[in-house]
Amino acid sequence: MANAWFETVAEAQRRAQKRLPKSVYAALLAGTEKGLTLADNLAAFDELGFAPHLVDLPAHRDMATTVMGQDIPMPVIISPTGVQAVHPDGEVAVARAAAARGIPIGLSSFASKPLEDVVAANPQTFFQSYWMGTRDVMTEHLERARKGGAVGLILTLDWTFAHRRDWGSPHIPERMNLREMLRLAPEGLSRPKWLYAFAKTGRLPDLTVPNMAAPGARPPTFFGAYADWMQSPLPTWDDVAWLREHWGAPFLLKGVIRVDDARRAVDAGVTAISVSNHGGNNLDGTPAAIRALPAIAEAVGDQIEVLLDGGIRRGSDVVKAVALGARAVMIGRAYLWGLAANGQAGVENSLDILRGGIDSALLGLGRSSIHDLAPSDLVIAREFQRALGVPQ
Ligand SMILES: Cc1cc2nc3c(=O)[nH]c(=O)nc-3n(C[C@H](O)[C@H](O)[C@H](O)COP(=O)(O)O)c2cc1C
């Protein structure tokens with residue numbers, strides 16, 4: 001059998017593309033409209049370089065920190081994604097892999113596995129929710145998350161309900177019925193390893209979202225839940241403060257790009273924010289998250305935890321983000337490609353790649369701890385600054 005281990009996240013992505021049906025791969029690649037933000041999330045890291053030392057380097061490098069009250073061995077956590085059709089074990093495989101490396105997982109409300117199963121695999125689970133329905137409906141979601149054992153809540157608010165992809169959105173069925181199976185059969189049959197992994201479990205992706213229903217109740221379909229969400233009244237800052245108060249435990253607001261919003265998040269009492277543009281899946285033309293990070297970290301980094309989310313593919317990217325003021329990073333596609341390439345072991349492989357890369361960058365920079373990293377460790381190209389003019 002060919003070696004399942006991969007050396008870089010880029011290689012995991014290549015294997016994911018080979019292994020996944022075309023529409024499943026496309027749903028992970030995602031990106032809205034022209035894909036400007038998706039591309040910038042990656043390109044911006046290339047505008048940040050290093051100026052390494054070569055003597056007096058530290059023999060030991062410390063990467064441990066905490067995020068939302070959780071001890072973590074390196075400054076990385078799993079961002080929530082709906083991983084419906086990537087792998088039969090889905091979020092449970094991700095949770096196991098993350099637990100094996102001591103890393104918390106953000107579980108999407110659109111996930112394919114129940115929160116309880118994910119918490120059993122990884123007690124360091126943060127439940128992610130959008131603002132759905134009324135305060136009463138949100139209270140039900142919170143109760144479910146609390147009872148299910150979530151140790152923190154992630155509220156994601158950067159969503160504008162549109163894709164308009166220039167490259168064409170993949171067809172995602174509402175339900176797996178005979179008609180859909182016939183329609184998707186050629187794609188599935190062209191990816192026998194993926195199909196076999198599902199066939200072994202005796203089921204196909206069922207495309208329901210169990211965490212949107214009361215435990216044990218029949219879960220709605222992905223699109224059913226999405227339609228309810230679309231009809232929800234849009235939240236105000238008062239709603240955010242109310243939710244934070246009502247939750248009463250660590251709370252992260254995901255999707256902040258502007259300094260003024262970061263300040264309002266502080267006023268709303270959040271524990272943490274993630275500087276994020278939803279991995280380029282929301283409003284196209286939003287600058288790379290890493291470009292928005294320094295001004296936000298400077299403005300609120302001493303009051304709340306500031307995380308960076310978007311474009312992390314290497315350990316050196318993590319180091320760049322921490323040097324620019326992030327307490328830690330959240331990763332999305334870096335683990336999704338690993339999951340697609342090799343299940344739980346693939347996610348562990350991706351996390352190990354990041355860990356190794358963080359360690360090498362610390363070594364080269366002559367830093368014995370991530371806590372000593374500073375902007376002066378980076379060589380920052382002039383172009384990088386251009387988007388720091390995001391309104392203050
Ligand atoms: C396939 C896919 C599904 C996603 N689903 C969610 C979700 O359900 N909730 C959420 O808050 N963010 C979601 N995101 C955004 C991720 O949490 C994260 O912000 C993004 O992937 C970070 O960018 P990266 O992939 O470059 O690391 C999703 C992203 C992808 C790629």
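**Pro-215 and beyond: reading a predicted model**

Trainee: Where is Pro-215 placed in the chain?

Mentor: Pro-215 sits in the loop between helix 8 (192–201) and helix 9 (222–230). Keep in mind as we go that this is a predicted model.

Trainee: Why is Pro-215 called exposed?

Mentor: Count the C-beta atoms: Pro-215 has 12 others within 10 Å. A residue with 12 or fewer is exposed, so Pro-215 falls on the exposed side of the cut-off. Pro-215 still touches Glu-116 and Arg-144, leaving out residues up to four places away in sequence.

Trainee: What makes the phi of Met-68 worth a remark?

Mentor: Most residues other than glycine have a negative phi. Met-68 is not a glycine, yet its phi is positive, about 50°. Met-68 belongs to the loop between strand 2 (65–67) and strand 3 (70–72). Phe-161, also not a glycine, has a positive phi near 60°, and lies in the loop between strand 7 (152–156) and helix 7 (178–189).

Trainee: How do you know that the span of helix 6 is close to what is expected?

Mentor: Helix 6 (residues 135–148) has 14 residues, and reaches 20 Å from its first C-alpha to its last, against an expected 20 Å at 1.5 Å a residue. After helix 6 comes Gly-149, with a positive phi near 100°.

Trainee: What puts the buried residues of helix 6 on the same side?

Mentor: The buried residues are Met-138, His-141, Arg-144 and Ala-145. They cover an arc of only 120° around the axis, so they share a side of helix 6. Residues three or four places apart in an α-helix point the same way because there are 3.6 residues a turn. The cover over the buried residues of helix 6 includes helix 5 (115–121), strand 6 (125–129), strand 7 and helix 10 (237–247). The face turned away carries the exposed residues Asp-136, Glu-143 and Lys-147.

Trainee: Why are the buried residues of helix 1 said to line one face?

Mentor: In helix 1 (residues 9–19), the buried residues are Val-9, Ala-12, Gln-13 and Ala-16. Seen down the axis they fall within an arc of 100°, so they line one face. Helix 2 and helix 14 are among what covers them.

Trainee: How do the residues around the ligand divide?

Mentor: The shell has eight nonpolar, 14 polar and three charged residues. Of its 25 residues, Ser-79, Ser-108, Thr-156, Gly-279 and Gly-332 come nearest to the ligand. Helix 2 (22–29) and helix 14 (333–365) are the elements that give two or more residues to this shell.

Trainee: Which residues have the most contacts inside the largest nonpolar core?

Mentor: They are Val-94, Leu-293, Ala-326 and Val-329, in a core of 110 residues. Helix 14 gives the most to this core, with 15 residues. Take Leu-293: leaving aside neighbours within four places in sequence, Leu-293 contacts Val-275, Leu-308, Ala-321, Leu-324, Gly-325 and Ala-326.

Trainee: And what makes Ile-380 partly exposed?

Mentor: Ile-380, in strand 12 (residues 378–380), has 16 C-beta neighbours inside 10 Å. That count lies between the 12 of exposed and the 20 of buried, so Ile-380 is partly exposed. Its C-alpha atom is 6.2 Å from that of Gly-49, 331 residues away along the chain.

Key
Residues numbered from 1 in each chain as written. Predicted model: local features only at pLDDT ≥ 70, side-chain atom pairs only at ≥ 80, totals over all residues. Helix = DSSP H or I, 4+ residues; strand = E, 2+ residues; numbered from the N terminus. Expected span 1.5 Å × (residues − 1). Arc of directions from axis to C-beta. Contact = placed C-beta atoms within 7 Å. Near = placed C-beta within 6 Å. Nonpolar A, V, L, I, M, F, W, Y, C, P; charged D, E, K, R; others polar. Core = buried A, V, L, I, M, F, W, Y, C linked by C-beta atoms within 7 Å.
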